[in-house]
Every structure is written in C-alpha cells, then in structure tokens.
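Okay, thanks everyone for coming.

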Amino acid sequence: MELLMASNLDVSVPNIARIYDAMLGGKDNFAADREAADRLLEVEPMSGLYARQHRAYIGRAVRLMAECGVRQFLDIGTGLPTMDNVHQIAHRHAPGSHVVYVDNDPAVCAHARALLAGDPGTVAVIQEDLRNPERILAHRDTRRLIDFDEPLGILITGVLHFIPDDDDPHRAIGVLTEAMCSGGHLAISHITDEEARRTRPSDNQSGLAVFAKSNAPMRPRNRADIERFLDGLEPRDPGLVCITRWRATNPAVIPADLRDVWLAAVARKP
Ligand SMILES: C[S@@+](CC[C@H](N)C(=O)[O-])C[C@H]1O[C@@H](n2cnc3c(N)ncnc32)[C@H](O)[C@@H]1O
C-alpha cells in the first residue's frame, strides 16, 4: 500500500487492477475500488467467484504450457501481485523458468517489482503497453530473459476487454504471436456480454457503467471477435470456453447456474 501511496495516484477513481484485487480479497485497494467491487457484486453476485476461478484458470494454463516444454513466459497485464503469481506457478512445474511481467500501470509495476521480481536472474517486471507490442519485444529485460528460438508462453488474461477496437488489440496479438517460434503457446481470457445483452440487458448496462467510471472502461466482445485473437494458432482442448470449464480439475464445483461471461483458451503455435 505504501508504494501505491508514494506514486501520487488519484485514489478517488476506481482502478481496474485494484477493483480486481478487491474482488480477490486482496488488501491493495482503496474505498473507490471497493465501492466499485461491491456494486459489481450487486449486479452479478458471482463476480467474486469468477475472479477466483479466473486465477485458477491461469494456474491450469501455465501448468499445461510447462508440461508442453515451455520454460519462458511473458505475462502482459500482470495486475497486482496476488496468491499464485505466474512465476510461482511456473517454478512449481518447471523450476528455473523465466518470467517477464508487463503492465502499463506504474503503481502495479512498482508493487510487482517489490513483490515478484525477487530473483532478477529469472523474473523481471517492465512497464509497457500491450498496444505497443514492438516495445515489449524489444525491451532489454525481454531480450535478456526470453530466447525467441525457444517455445514462449504468452499470457494476456483479463486485459483485452479493456482495449477498444480503435486501438487494434488483434494487431498487437498478431505481432506477439509472430515473434513466437513453433511450440509457443498463447493464453487469453476475455469478458463477453453476448448472452447478457439479450437476457439481462439492464444488469449488463449497470456492470458496464461501473467500469465506465474507472480508469479503463470495459469493452466486452462477442465470441467470434474473441476467437479471432487465436487466428493462426491451434486451440488446445477444450477450445474457447468459460474459464471455469477450461480443463476443470473438479467439475463437481462448477455452479449449475454458471454463465458464460468470461471465456478463455490456450492455443499452440504450429
Ligand atoms: C484485471 S487485471 C488482470 C490481472 C491478471 N492478468 C489476471 O488475469 O489475473 C488487468 C491488468 O491489465 C493492465 N492493463 C490494462 N490495459 C493494459 C495495456 N494496454 N497494457 C498493459 N497492461 C494493461 C492493468 O493495469 C491491470 O493491472
């Protein structure tokens, strides 16, 4: 928290990293973030469950990549450190793996540097923007820790729905996956309101209104537009599905009334 205060933020504006932290039960958030999280829980009581299930999906995605021989990871839109961060999951399944964390929020990066980058030989945190993929790839820490001739795992989870079409996130993903060699993997997750627009239009608008007041308005996409992020790649089983259903280890815990609001996939570069 001291780090966040030190960077002179406007804490009256809800921040997407801190709202998510509040949803996950973290402590790195302020009153405006907690109010936004509470409002989201009113609109969608399963929001907290989805946030936790999303972190569990990330764990399963990193594990799959490690099992496929991936030993280096680029996690773009890292978010505030939480339990089971990408390098901890990767090191559990493949000790010594290299991880480069990327976020465009200076406070997130300050926190991440303090808590995640304990071993500069394997982990780095860089402040860059997904919309400038060339800068991420050219960054000296990326070049130091990532060997582009070896399979790379790229994670872009919980981020793409904050980037409007005008900023062309599909191009950014194309540039990043182009840099991967065969055997590289891409993990994405993305909010969709395709069903909610039809079945719960008022709740849907209320949820979007919460993010409209945050530092990054939310732009849900439909399934077809999310699938386009995987162009040129081979989706691993079970394809693009609800985060909770993606390789669920215990299908018994999947709520019967689960809604497909948050889709995820992992795809391999042929
Ligand atoms: C909701 S958090 C997701 C954290 C983590 N990836 C996860 O899925 O658990 C979204 C993060 O993406 C970052 N972010 C948003 N837009 C970004 C951009 N254009 N480039 C880099 N990071 C971005 C935010 O600062 C925030 O830390």
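Let's start with helix 2, where Ala17, Arg18, Ile19, Asp21, Ala22 and Met23 are the buried residues. Buried here is under 20% relative accessible area, exposed is over 50%, and partly exposed is in between, with a 1.4 Å probe and protein chains only. Helices are DSSP runs of H or I with at least four residues, strands are E runs of at least two, and both are numbered from the N terminus.

Before I go on, some housekeeping: this is a predicted model, with local features needing pLDDT of at least 70 and side-chain atom pairs counting only at pLDDT 80 or more, while totals for chains, interfaces and linings use all residues. Residues are numbered from 1 along each chain as its sequence is written, and side-chain values use heavy atoms, with hydrogens and water left out.

Back to helix 2: 6 of its 8 residues are buried, so to speak mostly covered. What caps its N-terminal end? That's Asn15, with a side-chain oxygen 2.9 Å from the backbone nitrogen of Ala17. After the helix comes Gly25, and its phi is positive, near 85°.

Now the ligand. There are 21 residues around it, and Tyr20, His54, Arg55, Gly77 and Asp103 come nearest; a residue gets into that shell if one of its heavy atoms lies within 4 Å. For polar contacts, I mean N or O pairs within 3.5 Å; within protein, one atom must be able to donate a hydrogen and the other to accept it, and residues adjacent in sequence count only if both atoms are side-chain atoms. Arg55 puts a polar side-chain atom 2.7 Å from a ligand oxygen. His54 has a side-chain N or O atom 3.4 Å from an oxygen of the ligand. On the backbone side, a polar atom of Asn104 sits 3.3 Å from a ligand nitrogen.

How much of the ligand's accessible area does the protein cover? Of the 600 Å² the ligand has on its own, 96%, using Shrake-Rupley with a 1.4 Å probe; for residues, only the protein chains shown count as cover. Helix 2 (16–23) and helix 4 (47–67) are the elements giving two or more residues to the shell.

Zooming out, the protein chain has 12 helices and 8 strands. Of its 270 residues, 54% count as buried. And the C-alpha trace spans about 50 × 45 × 40 Å along its principal axes.
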